[in-house]
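Subject: Structure for you to look at

Hello,

Here is the structure I promised to send over. My notes follow below it.

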Amino acid sequence: MISIDRVDPRGEAALRLSELSWAELNGLYRDIDHDEFLAIDFASARSAFVIANVNGAVAGCGAIRPLQDNVAEVRRMFVEPKMRQLGIGRKIMSALEEIARELKYDALQLETGLRQPPAIRLYESAGYERIAPYGRYRDDPLSVCFKKNLSNLA
């Protein structure tokens, strides 16, 4: 059974999953800018951090934080490699979308990399559309950015 729980981003599981995520990204991209995990980024009233558990075992995480007044950014999407292909990523995305609606966001945006085809497939299959790279991703040739409007999906 897969459960998704909103948790404190300063907790042990959140920090461990973040480190595992960065280790994987460093293996794929080598020279990426390791933006330090700042739990405070996900502790505000309009942010959320979730953990996925499979039969009690921590399996993955995801978060949202404000990007603009009515748009949140999905961050920290990660599923333990041994737990992939079980639908965990889709459940995390669904939970984040529900939370985003509760927090009155109209849309979600996110960035992933060209070397992560499974992530790209997940986002596309979940209804996210490619957009021009934004913010710090604007000049990164390996970045792929997505957006999903939530206001008409309630």
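What share of the contacts in the chain with a separation of 6 or more comes from residues 24 or more positions apart? Such residues account for 61% of them. Contact here means heavy atoms within 4.5 Å.

Some ground rules. This is a predicted model, so local features need pLDDT of at least 70 and side-chain atom pairs count only at pLDDT 80 or more, while totals for chains, interfaces and linings use all residues. Residues are numbered from 1 along each chain as its sequence is written, and side-chain values use heavy atoms, with hydrogens and water left out.

Overall layout

The chain holds 3 helices and 7 strands. Their order from the N terminus is β-α-β-β-β-α-β-α-β-β. Helices (H or I, at least four residues) and strands (E, at least two) are DSSP runs, numbered from the N terminus. Of the 154 residues, 45% count as buried. Buried means under 20% relative accessible area, exposed means over 50%, and partly exposed lies in between (1.4 Å probe, protein chains only).

The helix pair

Look at α2 (residues 88-102) and α3 (residues 117-125). Their axes come within 11 Å and cross at roughly 50°. That makes α2 oblique to α3. Axes are lines fitted to C-alpha atoms, for helices over the stretch in contact, and angles run from 0 to 180 degrees between N-to-C directions. Angles under 35 degrees count as roughly parallel, over 145 as roughly antiparallel, 65 to 115 as roughly perpendicular and the rest as oblique.

The crossing of α2 and α3 is right-handed. On the α2 side, G89, R90 and M93 make the contact, and on the α3 side L122, Y123 and S125 do. These residues divide into 3 nonpolar, 2 polar and 1 charged. Ala, Val, Leu, Ile, Met, Phe, Trp, Tyr, Cys and Pro count as nonpolar, Asp, Glu, Lys and Arg as charged, and the others, Gly among them, as polar.

The cores

The largest nonpolar core has 30 residues, and I64 and Y123 touch the most other members. At least two residues each come from β2 (48-54), β3 (57-68), β4 (71-79), α2, β5 (107-113), α3 and β7 (143-149). The largest share, 6 residues, is supplied by α2. A nonpolar core is a set of buried Ala, Val, Leu, Ile, Met, Phe, Trp, Tyr and Cys residues joined through side-chain atoms within 4.5 Å.

Leaving aside neighbours within four places in sequence, Y123 is in contact with M77, M93, L110, T112, Y128 and F146. Another core, of 7 residues, lies apart from the largest one; A14, I51, C61 and F78 are among its members.

Two positive phi values

Most residues other than glycine have a negative phi. N55 has phi near 50°, a positive value. N55 sits in the loop between β2 and β3, and counts as exposed at 64% relative accessibility. R76 also has a positive phi, near 60°. R76 is found in strand β4 and is buried, with a relative accessible area of 11%.

Other residues to check

- I4 lies in strand β1 (residues 2-6). At 25% relative accessibility, I4 is partly exposed. Not counting residues up to four places away in sequence, I4 touches V50, I51, A52, K91, I92 and A95. I4 and G60 are 56 residues apart in sequence, yet 9.2 Å apart in space, C-alpha to C-alpha.
- E80 is placed in the loop between β4 and α2. E80 is buried, with a relative accessible area of 11%. Beyond neighbours within four places in sequence, E80 is in contact with R16, L17, L20, V58 and A59.
- S44 is in the loop between α1 (12-29) and β2. S44 is partly exposed at 34%. Between S44 and P66 there are 8.9 Å, C-alpha to C-alpha, for 22 residues in sequence.
- D140 is in the loop between β6 (129-131) and β7. D140 counts as partly exposed, at 32% relative accessibility. The C-alpha atoms of D140 and G113 are separated by 9.4 Å, and the two residues are 27 apart along the chain.

Best wishes

Key: A crossing is left-handed if the near helix is turned anticlockwise from the far one by less than a right angle, and right-handed if clockwise.
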